[in-house]
Amino acid sequence: MNLNQIHNVYFIGIGGIGMSALARYFKNIGKQVSGYDKTPTMLTDELIESGISIHFEDNIDLIPKDYFLENTLVIITPAVPKAHSEWNYFLEREYNVKKRAEVLGIITKDTFCFAVAGTHGKTTTSSILGHILYESGADVTAFIGGIVENYNSNLIGSGKTVTVVEADEFDRSFLHLHPNIACITSMDADHLDIYGTTAAIEESFIEFASKVEDKSNLFITKELPIEGITCAVNEEAVYKAFNVRIGNGSYVFDVQTPTEIIKDLQFGLPGRHNLMNALMAMAMAKLFGTPTDAIAKAIASFKGIKRRFSYQIKTDNLVYIDDYAHHPTEINAVHQAVRELYPNQKVLAIFQPHLFSRTRDFANDFAKSLSAFDEVVLLDIYPAREVPMEGITSQWLMDKMTNDNKKLVNKNDLVPTILASDATVIVTIGAGDIGEMVPTIKKAINETL
């Protein structure tokens with residue numbers, strides 16, 4: 001497929017974090033872009049402000065009349081139901097309809113592609129890498145699954161020859177990519193609604209790894225059963241972060257590479273998992289030939305990603321953090337970072353489970369992870385692409401928790417519940433629409449300070 005022959009790009013599910021990055025990209029290169037989404041969000045507001053036409057009703061009459069078969073690419077997200085009338089309109093008329101991952105595959109095929117895979121850490125690692133490459137002057141475009149604070153966007157750069165992409169394991173999407181350099185940050189079980197078993201997930205990652213023929217171009221953590229260049233924090237590895245300490249609220253650490261020791265790197269994101277993400281990004285940039293001083297400068301200036309341990313309020317008396325964590329491993333990472341930064345303080349965690357299937361598959365692990373906080377508030381499960389499953393509810397999950405300081409509330413009661421707590425550290429966690437509630441929560445807390 002030749003993208004040069006495409007004049008119009010139509011998105012079904014344009015408001016998704018990955019879809020909206022592609023929408024921005026096609027707008028940047030001069031295509032006419034429009035699309036549908038189920039509900040308005042802050043992301044769709046930004047896209048509309050940039051000149052992209054979006055509607056929120058599944059109605060074929062709202063498809064632009066000049067989007068003809070021969071000059072239009074239609075991009076869909078896996079979350080769209082098969083009965084969607086606009087999707088079926090394009091299929092019945094034999095338009096060029098592709099998944100987001102397929103389109104990324106087309107874009108990356110003709111570029112030097114960095115692909116970041118893993119069940120956790122993709123967004124942070126690819127953001128740091130994109131930032132390093134952009135700041136060092138590389139001709140890069142990075143497609144990010146989150147809003148990078150430095151750019152207030154999920155797209156970094158407008159380069160034509162180098163791409164950075166998140167290699168998403170959902171629906172085996174990452175098998176469409178053409179990576180020159182890649183990394184795998186983790187291989188935990190997830191998306192069991194798609195894969196069925198942990199073994200099937202691992203097989204898929206192994207298949208992705210095989211796309212990088214030269215294993216000196218593939219970076220891995222030490223525990224993965226895959227051949228590649230190892231990265232580790234405070235453990236022996238080809239790339240090793242060590243001498244880790246905290247200074248002025250940031251990590252300061254050294255890195256040993258195959259050719260040198262880089263001293264006193266500064267990095268502002270909390271949590272040992274983020275140190276690992278930074279190390280992976282550094283290793284890939286180093287292999288690409290990015291100068292050491294440019295890497296160090298970019299690592300120090302990286303501000304993070306919205307909804308990834310994102311500070312909303314930071315005072316001497318109260319801290320409010322928002323995080324996208326939606327898997328037990330990610331919740332554990334949030335807990336570790338909070339305890340490291342705020343020892344001996346009372347922590348309230350507000351969690352919105354994401355997907356009935358994920359809640360069912362990891363219920364015991366979720367219960368254990370959440371019980372580690374001092375106080376826990378649960379919201380109802382966010383269904384996303386799923387229909388309810390009998391017996392799988394937030395109440396069922398809460399009953400498994402060993403922490404007695406727990407409560408199930410609806411959204412209308414959430415703010416009063418938070419304000420009634422005496423916790424000095426508040427964390428909202430989840431991948432559903434809890435992120436849309438953050439401004440309201442922040443405003444209410446600020447009014448009490």
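Gly35 stands opposite Ile54 in strand S3. The model is predicted: local features need pLDDT of at least 70, side-chain atom pairs count only at pLDDT 80 or more, and totals for chains, interfaces and linings use all residues. Residues are numbered from 1 along each chain as its sequence is written, and side-chain values use heavy atoms, with hydrogens and water left out.

Strands S2 and S3 run parallel and are joined by 3 bridges. Two strands count as paired if DSSP finds at least two bridges between them. Helices (H or I, at least four residues) and strands (E, at least two) are DSSP runs, numbered from the N terminus. Buried means under 20% relative accessible area, exposed over 50%, and partly exposed in between (1.4 Å probe, protein chains only). S2 also pairs with strand S1 (residues 8–12), in the parallel sense, over 5 bridges. Here Ile12 has Tyr36 of S2 as its bridge partner.

Two β-α-β units involve S2. S1, H1 and S2 make a right-handed unit. S2, H2 and S3 also make a right-handed unit. A crossover is right-handed if, with the strands pointing away from the viewer, the path from the first strand over the helix to the second runs clockwise.

Helix H2 covers residues 42–49, and its buried residues are Leu43, Thr44 and Leu47. They lie on the same side of H2, because they cover an arc of only 95° around the axis. The arc is that of the directions from the helix axis to the C-beta atoms. These buried residues pack against helix H1 (17–28) and strands S3 (53–55), S7 (140–148) and S8 (153–156). Gly51 follows H2 and has a positive phi, near 105°.

A separate topic is the open sheet of 6 strands, ordered S16-S17-S21-S18-S19-S20, with mixed pairing. Its edge strands are S16 (310–314) and S20 (406–408), each pairing on one side only. The twist averages 15° from one strand to the next. Strand S18 (residues 347–351) pairs with S19 in the parallel sense over 4 bridges. Ala349 stands opposite Val376 in S19.

Glu375 is found in S19, which spans residues 375–378. Glu375 counts as buried because its relative accessibility is 12%. Its side chain makes a polar contact of 2.8 Å with that of Ser421. Beyond its neighbours within four places in sequence, Glu375 is in contact (heavy atoms within 4.5 Å) with residues including Lys346, Val347, Leu348, Ala349, Asn403 and Asn405. A polar contact is a pair of N or O atoms within 3.5 Å; within protein, one must be able to donate a hydrogen and the other to accept it, and residues adjacent in sequence count only if both atoms are side-chain atoms.

Definitions and conventions: Axes are lines fitted to C-alpha atoms, for helices over the stretch in contact, and angles run from 0 to 180 degrees between N-to-C directions.
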